[in-house]
Every structure is written in C-alpha cells, then in structure tokens.
Amino acid sequence: KQTLESYPQIRSAELARQLPDTLFVSIQEREPIAKIIASDVDRARITLLVDQEGVVYEGIGYDSKMVRSLPSLDGIRLKRKDGGFEPISGMDVVEVLLTEARTLAPHLYRSWKVVSMEAWPNIVVKSDFAKEAVFEPTPGGYRRQLAELDYIIDYNKSRSVNRVARVDLTLKSQVPVTRASFVQ
C-alpha cells in the first residue's frame, strides 16, 4: 500500500487479503485537469499533469488524445520536493472554473489553450478567440462570467470580429472587451 501510494499518480490504494491465497488491490488514480510542458535536463521537454489538489506528476497510461485536450498551465513555478514537485496552490479554484466551463460551455472550453495563474487570484485563459480572458473567483462560481464571455464571443463574431486581445470579466458592469481585430 505504501509503495503504491508513493507514486504521485495514485491518489489512494487499498489492499485486502482473502485467505488462503487471494490479494485484492484497489487503486484510485488522480484525474488531471491541466498539463505543464516543462524542461528536464535529461529528457528535454516533458509533459506533466496536475490534478485539482495541485499534485504534479508524470502521467502513465493516459489516453494521449485526452492529455492533448487539457489546457496548459502557465504562470506558476515548479519547485522540486522529495524527487517530485511541491503541490501547486490554488488548483482547487482553477478546477472549479474548468469544470464549470466544460459542463456549461463546452464549446468555449474546447478552445482554451492556456490557463495562467500569473495574475492570481484572477485566472487568465488564452483561447482561439480571446488572447486573454480574465476570470475572477467568486463564491457563486463562474456561471455569470462564462455566460458573459459566450455573449461577447457571439456578439463580436456576428460583427466579423475573429479575435480580441482581452476580455476582462472582473470589471462586472463595464465593457470588458479591448482591442478587437476585424476580418477583412
């Protein structure tokens, strides 16, 4: 049990012995919510995964299509600890945004390339449409901000705007779109 749980990808392991000769093993894996492309001295670039608790690990056996679909995490600094990495704080807040986006606005979530924690506690999402969309953590979640972003995208696309530089969803009642570029 202790050896299995020493692997960062394994959240928990349960072992039960049924006499005379059967051993039951139950493993619960971590579910990644983002990926980090990091440099490693020996292997050049490696892809690390991060779960909602901020645990950073190299994923083994995950579907490559699923890993490619995860947004990259930016604006953080990895710190080594005991042969692995220190957990990234704030990932529980990022997980709420990603889960709500995946559930309420999957068409938006699919276009998200990077989730940055550089402006923490605000979260900056870089996507196909908005170079930056800034979200502010709120007690009620991100439903209003996601709806606002969806409206802004629809509105601008209907006016032949293919990309904007910044959508600041933290301004609440103000117009949050800046520097729009128009399709010729």
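Select G75, I76, R77, L78, K79, E86, P87, I88, S89, M117 and W120, which line the second largest pocket of this predicted model. A pocket here is an open set of points on a 1 Å grid over the protein atoms alone, with protein on both sides within 12 Å along at least five of seven lines, and lining residues have an atom within 4 Å of a point. The volume of this pocket is about 190 Å³, a volume being the space filled by probe spheres set on points joined across faces, edges and corners.

The model is predicted: local features need pLDDT of at least 70 and side-chain atom pairs pLDDT 80 or more, while totals for chains, interfaces and linings use all residues. Residues are numbered from 1 along each chain as its sequence is written, and side-chain values use heavy atoms, with hydrogens and water left out.

Next, display the largest pocket, with a volume of about 280 Å³. Of its 15 lining residues, P8, V56, G83, G84 and F85 are the closest to the centre.

Then turn to the cavity search, which finds one cavity of 30 Å³ or more in the whole structure; a cavity is a set of points where a 1.4 Å probe fits but cannot get out. Select S111, W112, V125, S127, F129, A130, A133, L149 and I153 to show the lining of the largest cavity, which holds about 40 Å³ of space.

Finally, select M91, V94, E95, L97, L98, E100 and A101, the buried residues of α3. Buried means under 20% relative accessible area (1.4 Å probe, protein chains only), and helices are DSSP runs of H or I with at least four residues, numbered from the N terminus.

Technical notes: Buried means under 20% relative accessible area, exposed over 50%, partly exposed in between (1.4 Å probe, protein chains only). Helices (H or I, at least four residues) and strands (E, at least two) are DSSP runs, numbered from the N terminus.
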